[in-house]
Amino acid sequence: GDPELPTAVNITWSSINFKTILQWQPKPSGYFYTVEIHGQTSDTKKKCILTSETECDVTDALRNVKETYTAHILSVPSSGMDNFEEPPFAVSEKFTPYSQTVLGKPEVQNYTQKGSELKVVFQDPLTPYKFPNGSFQSIRDIFQHDLEYKIYYWKDQSSGKKDATTKSDVFEVSIDGMKNYCFYIQGIIPSRREDRNGQESTVHCTSVGRNILDEYGAEVFIIIAVIAIAVITLVTVLSVFLCKRKKAKAAREKEPLNGV
């Protein structure tokens, strides 16, 4: 190949729920890139042929998620590839989707707080891969028993967290029925050494029995009490003042009568 043709640098894999993007630098000028995905046992697959971009969606080339892959990023002259000479290329780090893809955010479908129980129903994130019937596979379909979920929950307005774990798509945890609770959940792959914890879901809070004290805190009640005392004191002082003034006026009105 042309030794003067630049090759890709800073090659990175970015993968969430098995949707995998390969990225690199620099932006090409006067040449193109072609990506080759090499598996340990699978055939080489070409992706993003003669592209001027510096990223490539390689998801469908990694369908065997437990296989380990490397990417060869070829720098191809504008004149095209020579059949007899391989263009210069850079090789990525190894990537195994099953052990390296990041678990995305679970979606909370509904939650209820009844008595001393908080029940949360959620949905597994979907992957780009499909079943033969066309429906998308979820991360549970792929990880199966390797996947579990953890919920972190705490009393509203409190910082102390508790947690619980499940392998299903429902949490049922015991709580203080007199208080409102906030929570979030995340997927976990305990067998992994790295990237064990997935992305955290949105934080949700219950509103059963919620009152003004829960909403605004005790400080507001203190302020309201101070204002109320001030108002009562003002009304009392004003009433006394008006009463004395009325009596004084009545006394002055009686004085001429006494002199007649």
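These are my notebook entries on a predicted model of one protein chain.

**Entry 1: ground rules.** I number residues from 1 along each chain as its sequence is written, and I leave hydrogens and water out, since side-chain values use heavy atoms. As the model is predicted, I take local features only at pLDDT of at least 70 and side-chain atom pairs only at pLDDT 80 or more, while totals for chains, interfaces and linings use all residues.

**Entry 2: the whole chain.** I looked up the secondary structure and found four helices and 16 strands. Helices (H or I, at least four residues) and strands (E, at least two) are DSSP runs, numbered from the N terminus. Of the 260 residues, 36% count as buried. Buried means under 20% relative accessible area, exposed over 50%, and partly exposed in between, with a 1.4 Å probe and protein chains only. The chain exposes about 16200 Å², and carbon and sulfur atoms supply 53% of that area. Accessible areas come from the Shrake-Rupley method with a 1.4 Å probe; for residues, only the protein chains shown count as cover. I then looked at contacts, meaning heavy atoms within 4.5 Å. Among those with a separation of 6 or more, 59% are between residues 24 or more positions apart.

**Entry 3: the nonpolar core.** A nonpolar core is a set of buried Ala, Val, Leu, Ile, Met, Phe, Trp, Tyr and Cys residues joined through side-chain atoms within 4.5 Å. The largest one here has 43 residues, and Leu22, Trp24, Ile37 and Ile151 have the most contacts inside it. Strand 3 (residues 31–39) gives the largest share, four residues.

**Entry 4: salt bridges.** I counted a salt bridge where a side-chain nitrogen of Lys or Arg is within 4 Å of a carboxyl oxygen of Asp or Glu. The count comes to seven. I wrote down three of them.

- Aspartate 57 pairs with lysine 19, with the closest N and O atoms 2.8 Å apart. Aspartate 57 is in strand 5 (residues 55–57) and lysine 19 in strand 2 (residues 19–25), so the bridge ties together parts 38 residues apart in sequence. Aspartate 57 is partly exposed at 32% relative accessible area, and lysine 19 is partly exposed at 41%.
- Lysine 47 pairs with aspartate 60, with the closest N and O atoms 2.8 Å apart. Lysine 47 is in strand 4 (residues 45–51) and aspartate 60 in the loop between strand 5 and strand 6 (69–77), so parts 13 residues apart in sequence are tied together. Lysine 47 counts as buried at 18%, whereas aspartate 60 is partly exposed at 38%.
- Aspartate 124 pairs with arginine 140, with the closest N and O atoms 2.8 Å apart. Aspartate 124 is in the loop between strand 9 (117–123) and strand 10 (126–130) and arginine 140 in helix 2 (residues 139–143), so the tie spans 16 residues in sequence. Aspartate 124 counts as buried at 13% relative accessibility.

Entry 5: Two strands pair if DSSP finds at least two bridges between them. Strand 8 (residues 107–114) pairs with strand 9 in the antiparallel sense over seven bridges. The two form a hairpin with two residues between them, and glycine 115 in the turn has a positive phi of about 60°. Lysine 114 stands opposite glutamate 117 of strand 9. Strand 9 is also antiparallel to strand 14, over five bridges. Valine 120 has phenylalanine 171 of strand 14 as its bridge partner, and valine 121 has valine 170.

Entry 6: I found an open sheet of four strands in the order 13-12-15-16, with antiparallel pairing. Strand 13 (162–166) and strand 16 (204–205) are at the edges with a single partner strand each, so one side of each has no neighbour in the sheet. Strand 12 (residues 148–155) is joined to strand 13 by five bridges. Tyrosine 149 has threonine 166 of strand 13 as its bridge partner.
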